[in-house]
Amino acid sequence: MGAAIPLVAALILGSAPLASATPDSPASIQLFAADGTTPLGQTAVHEGDTIVVHGTGFDPMANTDGLPVPVPPGVPHGTFVAFGAFAPDWRPSQDAPAEARVGQQRAATAWVMSEDALGRVPDSPFDFRRTIRQQWVPLADDGSFTATLTVKKPATAAPDAVYGVYSYAAADAVNADEELSVPVNFDPAPGPNAPQPAAEDLVWGFAPGYTNLVKKDLQGGVTGAEGASVRPDGQLTFQADGADIDAATGHGTVRFTGSVVSFTRFHLAEIALENPWIEFTADGTYLSAETSTGNTVGNDHVARVRVARLNLDADPSRTSFEGVTGAFTLPLSQPTALLPYSGQPIAPLSFSY
């Protein structure tokens, strides 16, 4: 993958320049409640609440330096607009390290960029355009935008961190004119829109050391949604979704719901594992799931496959199982990024229904 990065950048360096008007006024952001018209002011916000951000004066032609991926050199990299808990000295233009902005999460970050610039982000051999589109908010030619952020409690926040909405040039571009912040009165207590934690009816680490590999070695992340979560210890959890088990033989299917997405840095690879089932059959017990049909499609395109064979016999008298072992199917080829796990031991799993 590393060799492809300069190749992708080189493919579009010769593209024609963008044509867009430069804003007359300095960049500014204003915060509003979920209705988009009531100023937020000092109103307390909780996890799950919505903040509407109106921005003006942002230059669609700016921020053409920075990382060569996902936005190629010479193409405006856009602007991040995020709810987070940043250190008091957080500005990239003042050489603040990335660690000063660790209280920002992708789920609470908008990527503001003109449609022209987005169209110049390559979609092959890696679909970087898809990566940005998941967070994309259009920047108008006059430098205005409206972004809707869903408040998410940061996983970590320094004791002196300031909760607020921040804007700064995206993808390691640096632009002091766009480094803005508006404090937000964040209340960590659960509010009316707080997401309800899903039941952890199936708990599985996938493979030994899997989440640590993705987060550290691949500089990416593993996230859960729609009934799934990722524990701090790296265990994946899914919520029960019913079972059809023959009372005499124990054969049948136990269904779980939820979506876990794993991604590398820059989303060069993004794969999903969704809605796992435990299948008790006469030929053995299997774990199946909907997995990505390609290495870069995430949960856009999935199909069900048998992921692993479990060392577990059908037993109609049991509805709870602990420390179940097994091995990944051979070959585990959907997506192909998982091929190295083929035939290898799975991380032990536990489930109940």
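This report describes the confidence, nonpolar cores, strand pairing and salt bridges of a predicted model.

**Confidence**

The average pLDDT of the protein is 92, and 93% of the residues score at least 70. Residues 1-20 have a pLDDT below 50, although this stretch has 31 contacts in the model beyond near neighbours in sequence. Where pLDDT is low, predicted coordinates should not be read in detail.

**Nonpolar cores**

The largest nonpolar core contains 34 residues. Those with the most contacts inside this core are W204, F206, I278, V307, L310, F328 and F351. Leaving aside residues up to four places away in sequence, W204 touches Q235, L236, L273, L287, V307, F328, I346, A347, P348 and L349. A second, separate core has 23 residues, among them A27, F58, L139 and V165.

**Strand 15 and its partners**

Strand 15 covers residues 270-281. Nine of its twelve residues are buried, so the strand is largely enclosed by the rest of the structure. Strand 15 pairs in the antiparallel sense with strand 13 (residues 252-257) over four bridges, and here V254 stands opposite I278. I278 is also one of the residues with the most contacts inside the largest nonpolar core.

Strand 14 (residues 259-263) pairs with strand 15 in the antiparallel sense over five bridges, with S262 opposite I271. The hairpin of strand 14 and strand 15 has six residues between the strands, and in it F266 takes a positive phi near 65°.

Strand 16 (residues 284-292) is also antiparallel to strand 15, and this pairing has seven bridges. L273 has T291 in strand 16 as its bridge partner, and L273 is also among the residues that W204 touches. The hairpin formed by strand 15 and strand 16 has two residues between the strands. In a regular strand, side chains alternate between the two faces of the sheet.

**Salt bridges**

The model has seven salt bridges. Side chains of opposite charge can pair when their charged atoms come close.

| Pair | N to O distance | Accessibility |
|---|---|---|
| R130 and D300 | 2.6 Å | R130 buried, 11%; D300 partly exposed, 45% |
| R231 and E200 | 2.6 Å | R231 partly exposed, 28%; E200 partly exposed, 39% |
| D244 and R255 | 2.6 Å | R255 partly exposed, 23% |

The salt bridge between R130 and D300 links distant parts of the chain, 170 residues apart. R130 lies in helix 3 (residues 128-133), whereas D300 lies in the loop between strand 16 and strand 17 (302-310). R130, E270 and D300 are linked in a network of salt bridges.

R231 and E200 form a salt bridge that joins two loops, with the residues 31 apart in the chain. R231 is in the loop between strand 11 (228-230) and strand 12 (236-245), and E200 is in the loop between strand 8 and strand 9 (202-204).

D244 forms a salt bridge with R255. D244 lies in strand 12 and R255 in strand 13, so the pair ties together parts that are eleven residues apart in sequence.

**A buried asparagine**

N175 is in the loop between strand 7 (162-169) and strand 8 (180-183). Its relative accessible area is 14%, under the 20% cut-off, so N175 counts as buried. The N175 side chain makes a polar contact with the side chain of N63 at 3.0 Å. Not counting residues up to four places away in sequence, N175 touches A62, N63 and A169.

Note on methods: Residues are numbered from 1 along each chain as its sequence is written. This is a predicted model: local features need pLDDT of at least 70, side-chain atom pairs count only at pLDDT 80 or more; totals for chains, interfaces and linings use all residues. Side-chain values use heavy atoms; hydrogens and water are left out. pLDDT is the predictor's confidence in each residue, from 0 to 100. Contact means heavy atoms within 4.5 Å. A nonpolar core is a set of buried Ala, Val, Leu, Ile, Met, Phe, Trp, Tyr and Cys residues joined through side-chain atoms within 4.5 Å. Buried means under 20% relative accessible area, exposed over 50%, partly exposed in between (1.4 Å probe, protein chains only). A polar contact is a pair of N or O atoms within 3.5 Å; within protein, one must be able to donate a hydrogen and the other to accept it, and residues adjacent in sequence count only if both atoms are side-chain atoms. Two strands pair if DSSP finds at least two bridges between them. A salt bridge is a side-chain nitrogen of Lys or Arg within 4 Å of a carboxyl oxygen of Asp or Glu.
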